[in-house]
Amino acid sequence: MTPAPGDAPRLAGGAPRILCLSDSGLVTQAAAAVEREFGTPPVLAVSFRQLRQHPGLAFRLLLRRFDVAVAYLMDIEVPLYRDFFLAYLFTLRAGRKALRDPHGREIPVGWREGLQAVGHCVADLIGFPVVYLLARWKARALSRARPRRQPSCLLLRRVAYLRANPWQESQAGGSLAHATGVLTGLKAAGVDVTYIGTTEFPPALRLGLRTWVVPARLRWFRNLLPFLVYGEIFGRRSSALLAAEPPDFVYQRYSLLNYSGAEVAGRLRCPFVLEYNGSEVWIARNWSTPLFFEGLADRIEQANLRAADLTVVV
């Protein structure tokens with residue numbers, strides 16, 4: 001049984017033997033993989049979005065018994081929110097539990113993995129107020145009126161292109177095509193481009209651009225507001241990489257809960273160009289599930305727009 005992503009699965013009529021949890025975009029693929037592995041037993045496929053939208057469902061699943069409980073993430077090597085998923089799997093009543101991804105990687109969930117995940121979640125809850133208040137303070141500072149930075153030369157020849165979203169397509173997708181187009185256009189215009197991203201970006205490599213990677217490898221604070229913590233790491237690391245030969249301007253494709261581009265431009269004293277493809281807050285509220293920290297996300301989004309010397313749109 002594979003319900004539509006927006007529906008709450010019905011649990012009446014006998015408990016399924018296999019529970020398959022997954023990211024919203026992997027529901028069908030994950031359920032099919034489980035059916036291939038175990039034959040065609042009854043499978044209850046549930047997305048993480050459904051668990052968030054229906055807390056009662058998340059609780060009821062904890063009361064049922066399964067032979068197998070597996071959860072699929074896009075990439076289990078990226079630790080963002082992973083401890084929450086591991087902790088939830090740990091609390092389920094199932095004979096076999098595992099966290100997987102489409103690349104064939106798997107983390108079996110036993111007592112050691114479960115208790116470590118619970119410990120990380122508790123630690124993040126304790127440190128959450130510090131992360132939250134620091135982000136509010138920085139967003140407020142970025143929003144203050146300031147003199148516009150002037151480029152160091154009339155012809156802008158060097159740009160640092162930042163793509164700081166921890167979850168980004170590497171092979172296909174709208175944002176990949178758009179980023180590729182911008183990078184191609186900048187190079188065609190004779191601009192020396194340095195690309196800094198979360199992962200290796202094949203189009204940047206094909207274009208022969210100078211490329212640096214700041215991996216989303218968070219040891220702590222990776223379950224509550226990990227985008228904020230990663231943004232801090234990304235901004236500091238990018239500033240250090242660019243310090244020896246500062247760009248004429250910093251260009252960032254905006255990502256949720258991230259102000260690293262504005263901070264890098266401030267540290268290097270160069271103009272900040274923000275690529276703004278629409279309000280992430282509005283999209284989540286109207287087309288998806290409202291954000292947990294919508295107020296903070298909106299504050300950071302507005303701070304980026306105020307800090308930008310130039311805003312470009314689709």
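How many bridges join E6 to strand E7? There are 6 bridges between E6 and strand E7 (residues 192-197), and the two run parallel. The structure is a predicted model, in which local features need pLDDT of at least 70 and side-chain atom pairs count only at pLDDT 80 or more, whereas totals for chains, interfaces and linings use all residues. Residues are numbered from 1 along each chain as its sequence is written, and side-chain values use heavy atoms, with hydrogens and water left out.

**Confidence**

- The mean pLDDT of the protein is 83, and 88% of the residues score at least 70; pLDDT is the predictor's confidence in each residue, from 0 to 100.
- Helices (H or I, at least four residues) and strands (E, at least two) are DSSP runs, numbered from the N terminus.
- Over residues 1-13 the pLDDT stays under 50, and the model has 29 contacts beyond four places in sequence for this stretch. Contact means heavy atoms within 4.5 Å.

- Strand E1 (residues 18-22) pairs with strand E3 (residues 65-72) in the parallel sense over 5 bridges. The bridge partner of Ser-22 in E3 is Tyr-72.

- Strand E6 (residues 158-163) is mostly covered, with 5 of its 6 residues buried. Buried means under 20% relative accessible area, exposed over 50%, and partly exposed in between (1.4 Å probe, protein chains only).
- In E7, Asp-192 is the bridge partner of Arg-158.
- E6 also pairs with strand E9 (residues 249-253), in the parallel sense and over 5 bridges; in E9, Gln-252 is the bridge partner of Leu-162.

**Aromatic pairs**

- A search of the whole structure finds 11 aromatic pairs. Rings of Phe, Tyr and Trp (its six-membered ring) pair if their centres lie within 6.5 Å; planes under 30 degrees apart count as stacked, over 60 as edge-to-face and the rest as tilted.
- The ring centres of Tyr-161 and Tyr-195 are 5.8 Å apart and the planes are at 20°, so the pair is stacked. Tyr-161 lies in strand E6 and Tyr-195 in strand E7, so the pair ties together parts that are 34 residues apart in sequence.
- Tyr-161 is buried at a relative accessible area of 0%, and Tyr-195 is buried with a value of 0%.
- The rings of Tyr-230 and Phe-234 have their centres 5.8 Å apart and their planes at 55°, so the pair is tilted. These two residues are 4 residues apart in helix H8 (residues 226-242), and therefore about one helical turn separates Tyr-230 from Phe-234.
- Tyr-230 is buried, with a relative accessible area of 0%, and Phe-234 counts as buried at 0% relative accessibility.
- One aromatic cluster is formed by Tyr-161, Tyr-195, Phe-201 and Tyr-251.

Notes. Pairing = 2+ DSSP bridges.
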